[in-house]
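Hi,

Here is the structure I promised to pass on. Have a look at it first, and my notes on what turned up follow below.

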Amino acid sequence: MAGIAATYVLTPFVIHTLGQEGYGVWTLITSITGFISLLALGVPMACVRYLAQHVGERDATKINEAIGSCAGLYLILGAAALLVGGLVSGTLVAVYDLPPGLHAEARLAFGIMVFTVSAGFIGFLPEGIMFAHHDFVLRNVIRVGGILLRLALTLGLLTLDASLVLLAIVQLACFAFDFGVAWLIIRRRYPAIRISLADCNMPTIRRIFSFSVFVLLLHAGARLTFEADALVIGATLGVALIPFYAVANSLIVYVMEFIIAIAAVVSPMATKLSTEGRDGQLREMFLKWSKVALSLSLMVGVYLLVLGPRFLGWWIDPSFEAPSGRVLQILTISSFVFLPVRGVALPVLMGVGKPKLPTVAFVVAGIVNVVL
């Protein structure tokens, strides 16, 4: 809810501050760096799964082995992301027709975002540790703090200077805050836990990769479904038209993230119940949270279908009501089925180690989206 509230305030502010072309360029930058984040190769979700399993077994040695192995992987993958980001940066202006006055600023902002995404790989580790220990409340408190920090910095810095670079710096500062606070809490609550590359070992890495391949494909499908559209619009219709799609799509994405928050509880809990052989409780949990996800999807979706276009015109600008409103209604219809599955069924399958079917479905959906 805090993220949705911050988006409610920040989206119209950033659009009006940067201008429609500036916001289009920013959306383009975040979409490209979002695809670079796929270089995480699904390791974060795999890390949570195995950490949750070892926490359930109360095996401190295996917990630290999993943490050390994930840390080593994150460092390697982060370096690869920096390299790929550097190569992509050289083609940003060549591929997309950016406003001439934004060329240098866009390159620098893109570089900062690439660094943030690369550093963010190791930033997945504290979150995985907290989820494995079911510290959901504390994790959410940290996230809310990061959201409030992003809100304050964005409003303050962009008021002083409407700059893509400052907007990118805000994202970096929020990552540093999130990682620092989370790791400080972990050190105080779980002193036996450590991050040491000496704990990294090949058997653990192989286990993580055997599961993470499915997660990688799953995330790739999700990116193709929700973030490829801005890249296609920017390349074919121009960056000035990206906001009309991105604003409508952002509402669906934030509703999805609200529903997906259920997954943070369901996935490690499914792993724990499956490990302990409590299948009856696993089925009961799946049914209960599916009802919750469907109810929330219907409640929000009906509102967006009926009053969503008018809300966009009031929220952003009257010129957004018709074009963005039609996009919003189309996307909302699909969410009635998709959101409960994404929020509950998928994390349960991932938690019990059965990722193949949802992975195939997500990849096919993403490819169809891009082709259409």
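By class, how many nonpolar, polar and charged residues are there in the lining of the second largest pocket? Before I get to that, bear in mind that this is a predicted model. The count comes out at 16 nonpolar, six polar and one charged.

That pocket has a volume of about 440 Å³, and 23 residues line it. If you want to centre a view on it, the lining residues closest to the pocket's centre are Thr-225, Phe-226, Ser-334, Phe-338 and Ala-365. Four helices each put at least two residues into the lining: H8 (202–226), H10 (242–275), H12 (321–351) and H13 (356–371). H12 has the largest share, with nine residues.

The structure holds one cavity of 30 Å³ or more, and the volume of the largest cavity is about 50 Å³. Its lining is made up of Ile-252, Val-255, Leu-296, Ser-297, Val-300, Gly-301, Leu-304, Ser-335 and Leu-339. Sorted by class, that gives six nonpolar and three polar residues, with no charged ones. H10, H11 and H12 each bring at least two residues to this lining, and H11 gives the most, with five. H10 and H12 therefore turn up in both places: each supplies at least two residues to the lining of the second largest pocket and at least two to that of the largest cavity.

H11 (residues 279–315) is also where you will find Val-302. Is Val-302 itself buried, partly exposed or exposed? Its relative accessible area is 46%, so Val-302 counts as partly exposed, given that this class runs between 20% and 50%.

Asn-64 counts as buried because its relative accessibility is 5%, and the cut-off for buried is under 20%. How far apart are Asn-64 and Ala-192 in sequence and in space? They are separated by 128 residues along the sequence, while their C-alpha atoms are 8.6 Å apart.

That's the lot from me.

Cheers

Conventions: Residues are numbered from 1 along each chain as its sequence is written. This is a predicted model: local features need pLDDT of at least 70, side-chain atom pairs count only at pLDDT 80 or more; totals for chains, interfaces and linings use all residues. Side-chain values use heavy atoms; hydrogens and water are left out. On a 1 Å grid over the protein atoms alone, a cavity is a set of points where a 1.4 Å probe fits but cannot get out, and a pocket is an open set with protein on both sides within 12 Å along at least five of seven lines; lining residues have an atom within 4 Å of a point. Grid points are joined across faces, edges and corners, and a volume is the space filled by probe spheres set on the points. Ala, Val, Leu, Ile, Met, Phe, Trp, Tyr, Cys and Pro count as nonpolar, Asp, Glu, Lys and Arg as charged, and the others, Gly among them, as polar. Buried means under 20% relative accessible area, exposed over 50%, partly exposed in between (1.4 Å probe, protein chains only).
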